[in-house]
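Work through the exercises below with the sequence and the 3D structure open. Try each task before reading its solution.

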Amino acid sequence: VTSEKDIISKEKGEGKAEGASEAVLYKIDVPANRYDLLCLEGLVRGLQVFKERINLPRYEKIIPAEGEGQKLIITAETVKIRPHAVAAVLRNITFTKERYDSFIDLQEKLHQNICRLVRALVAIGTHDLDTIPGPFTFTAKAPSEIKFKPLNQSQEYTASQIMDLYRTDSHLRHYLHLIENKPRYPVIFDSNGVVLSMPPIINGDHSKISLKTRNVFIECTGTDMTKAKIVLDIIVAMFSEYCEKQFTVEAVEVIYPNGKTHIYPELAYRKEKVKPELINKKLGISETPSSLAKLLTRMCLSSHITGNGNSIEIEIPPTRADVIHACDIVEDAAIAYGYNNIQMVIPKTYTIANQLPLNKLTELLRMDLAAAGFTEALTFALCSTEDIADKLGMDISATNAVHIANPKTAEFQVARTTLLPGLLKTIAANRKMPLPLKLFEISDIVVKDLTKGKRSSHLLACSVLPLDVLQQLLDQPKPILGRNIDFSLAFFTGSAFFPGRCAEIFARGQSVGKLGVLHPDVITKFELTMPCSALEINIEPFV
Amino acid sequence: MSPSVAELLLQRLERTPPGPEGGLCSLEAATALGLDHQTLVGAVKSLQALGEVIEAETRATTRWELSAEGEEVLRDGSPEVRLFHSVPSEGLPQSDAMKLPGAQVGFSKAMANKWLRLDKGAPGGPRIFRAVGAVQDVVQNSLRQVQDGNGDSLSERERTDLKRRKLLLEVGSWRKLPFKAYNFSALGLPPTCGHLHPLLKVRSQLRQIFLEMGFTEMPTDNFVESSFWNFDALFQPQQHPARDQHDTFFLQDPAEAPELPASYMARVKKVHSQGGYGSQGYKYEWKVEEARKNLLRTHTTSASARALYHLARQGKFTPVKYFSIDRVFRNESLDATHLAEFHQVEGVVADRGLTLGHLMGILQQFFTKLGISKLRFKPAYNPYTEPSMEIFSYHEGLKKWVEVGNSGVFRPELLLPMGLPESVSVIAWGLSLERPTMIKYGINNIRELVGHRVNLQMVYDNPLCRLDA
């Protein structure tokens, strides 16, 4: 629950007494799209704005005078591996232990969240500006040409050595693959050639920030420009609170390979106009325009009424990158209003319901099969290749099965092409149950189609009993499938079945399934001890 | 309340030793209870109908009774003896003798017994004379035996004789022998029958609930789906965490979907990468190869997307209510309550002018039918809905609010590229099937419910699925 939500809905936080100090701890769930609430600073700020104790601070970037600002030069080599970079400076910042921890923590959370694909999208580096003279260069070099002392290490390593060094690190080893096999690794260094960082792996020890750091140089590099900009904006917005000139950020000039330049951070404010009726209509409430404007302002979306009072102009701050459409604004209004304050109304939509014919048939069949004494099973759609091939005496290529990429275990290698393995495994797992065991399942199998994996619905009845019990299901005067369906049986040689005791089932001129006594090999492979017979038919032709 | 006949019988039975050696004779019991035998038989039959309470055997015995004529003979003597005694020492003219009652039968019998002599040449017509000094009335004696209940002591021939003379009646009587009552409190044998799977029983009930509310079932007959329909069409960006291998089962073969609707896809591409329809978009480079990737669907919302697209293409918009309950696949970490496959329940309403209040209203109706009527809503985040709500209900047992579902209003970036009119809102909600089933039936490990390691005894014993009782 985010802070605002904490207030509106019932308190979802848990109170926990902690050891000596009786501080109450709250566990707060932050939704995945609210980067501005990932650190304590942002949460508190949001809460205070909500409670109308403060106004949302205005984040400003200060463009230094010509020649005084920092520069980040991007070279052409980065294009292939990590094309985008943005940077900013936090001037005259004061860190305390809590602030420092929070700063590091936010970077980690952002890495996990928005940067995703474990830092592939964006990697953040923060440095003590006073230790590194600019201008800075962001380029890509061969691993052997990169040498520096990584963060918290005691000696220098080349890039290749660093790869080896962190191969066993529980945290960093997941990122190595992002650059490992490339001819050149990304690297940022200062005007003295000292390495600031080798994104996305690790920063240099030389420029690491400490409690004493007064000026911070922040760089974000990555493969997604939009995300890189958002991440930078968030970090500086959150921690500029601790700068001497609160909520100001010193801009950095980024120079591209083609000579073009750009100033970062963007810290852009965007304006949107929304009609109050829209908000009221979408939510089912009726608030006045000014009341709506107030609600939105409390959600960090500063709003005021314009036009003839029939329009609300909303300013979306750079910390609210999650607001991309009017519906996001509508949701924020709802949150501020309080979801549980909205009146419930039954929609007047009049419709006649229809069942899907296949499901309707399935339900009828289930009832009749249970009445005939069969017990329903529900088995997995995913299984191993052996289950549908080897154990049934077939080759996997003949099954036309759909294969899963990178299955974690053998249990997830393929999607089932027959219901038989599932039922046989169920019997094997319930060996101790009294006989006879009569099971059935009506469910879907997946077969590769000309176009793509397709599914068809199957009925499988399986019994640890003589064959004729199953044959009755087809022969009875009002056979399970009803109507005047003529089933005919023809001898069939199937690898899963006992020779001479298997038949192919035909109805309406097409083959719809098989019936027979299972081959002893099948019985053994599924770890069964008693003879079994099975009937499997496709029910789709009967819909 | 006075005890019924059945109760009285049972009480008597209690006192007899169990099994076929013991028991009561129904005739005796009837007499002892002062009841008509037929009434007692009726009680026996109704007790038998209850099942394993008593056992009763019918023992047929034949009795003999005297006919009305037989009674007469018993009283007055057999006709032949009477005739004999009517003949004085000097004899009796036959014509006179024949006038005596019972003489017809008596004469032929007496003659056969050689008790009388007929002198045909006697003066004054044929004359009957006694042939022996005294006779025994055997017939009367026999009849007396029968009357006394000793019918068995007569020989077969004697009885046949008496029967022929219509002095004896054979009466079949049916005795009932109720045995010791069974123990009520012992468990009965379960009848052999089939069983439906608990999870699918819940599914049937939920289908029923949706149909009762006017929802039409959507086709969901594809476990395999393209990333396009599963993610992109739902405005879920291509870099979203759910789209990576850790959460989704991607397919090796077939790896790509061959056909995707071209113009629709172009609009989807635009709204992701550049925005449009009033949206800023996500502003990233949208790749068609990513959209083509085949996977096992992670939610049935992809089926809803297809259904809505189909709806948009039909021309004139008509309001709809759709539902689906089907299997979905997630590649997440597994534990006691999570499997790679589970069932998702989804409901969708598309109409003009729907509000968040309407969503809450229909949720209230839906969950009430599930037996849950105390609901609260909490803001949430889904890539494809805005506003989004998590639905909570108060669990009396646990004494806390638990999440029962997720819901929201579909984003315009999802609906408008399909071609749906701007005034149309689509509200939707979903929940898993497994969770309420496990709560309802008190199952703690999902593997006991779903899959081949199911506890079949649990399936056998599983009661009716009554959700709102």
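**Exercise 1. Find how many salt bridges cross the interface of chain A and chain B, and examine one of them.**

Solution. Step 1: apply the rule, in which a salt bridge is a side-chain nitrogen of Lys or Arg within 4 Å of a carboxyl oxygen of Asp or Glu. Across the interface of chain A and chain B, this rule finds 3 salt bridges.

Step 1: note what is being searched. This is a predicted model, in which local features need pLDDT of at least 70, side-chain atom pairs count only at pLDDT 80 or more, and totals for chains, interfaces and linings use all residues. Side-chain values use heavy atoms, with hydrogens and water left out, residues are numbered from 1 along each chain as its sequence is written, and chains are lettered from A and ligands numbered from 1 in the order in which they are written.

Step 2: take an example. Lys448(A) forms a salt bridge with Asp253(B), and the closest N and O atoms are 3.0 Å apart.

Step 3: look at the chain A side. Strand β21 (residues 438–448) of chain A gives the most to the side that touches chain B, with 7 residues; strands (E, at least two residues) and helices (H or I, at least four) are DSSP runs, numbered from the N terminus.

**Exercise 2. State how many residues meet between chain A and chain B, and what area is buried there.**

Solution. Step 1: count contacts, meaning heavy atoms within 4.5 Å. On this count, 86 residues of chain A are in contact with 101 residues of chain B.

Step 1: give the area. About 8200 Å² is buried between chain A and chain B, and carbon and sulfur atoms give 59% of it. Buried area is the accessible area (1.4 Å probe) that two parts lose on being put together, summed over both.

Step 2: name the residues of chain A that lose the most area to chain B. They are Tyr339(A), Leu378(A) and Phe380(A), together 9% of what that side buries.

**Exercise 3. Identify the strands that pair between chain A and chain B.**

Solution. Step 1: two strands pair if DSSP finds at least two bridges between them. Strand β19 (residues 403–404) of chain A and strand β8 (residues 251–253) of chain B are joined by 2 bridges and run antiparallel.

Step 1: find a partner. Ile404(A) has Leu251(B) as its bridge partner in β8(B).

**Exercise 4. Locate two cis peptide bonds and one positive phi.**

Solution. Step 1: recall that most residues other than glycine have a negative phi, and most peptide bonds are trans.

Step 1: the bond from Tyr264(A) to Pro265(A) is cis, with omega near 5°. Pro265(A) lies in the loop between β13 (261–264) and β14 (270–274) of chain A.

Step 2: the bond from Glu386(B) to Pro387(B) is cis, with omega near 5°. Pro387(B) lies in strand β13 (residues 385–395) of chain B.

Step 3: Asn152(A) has a positive phi, near 65°.
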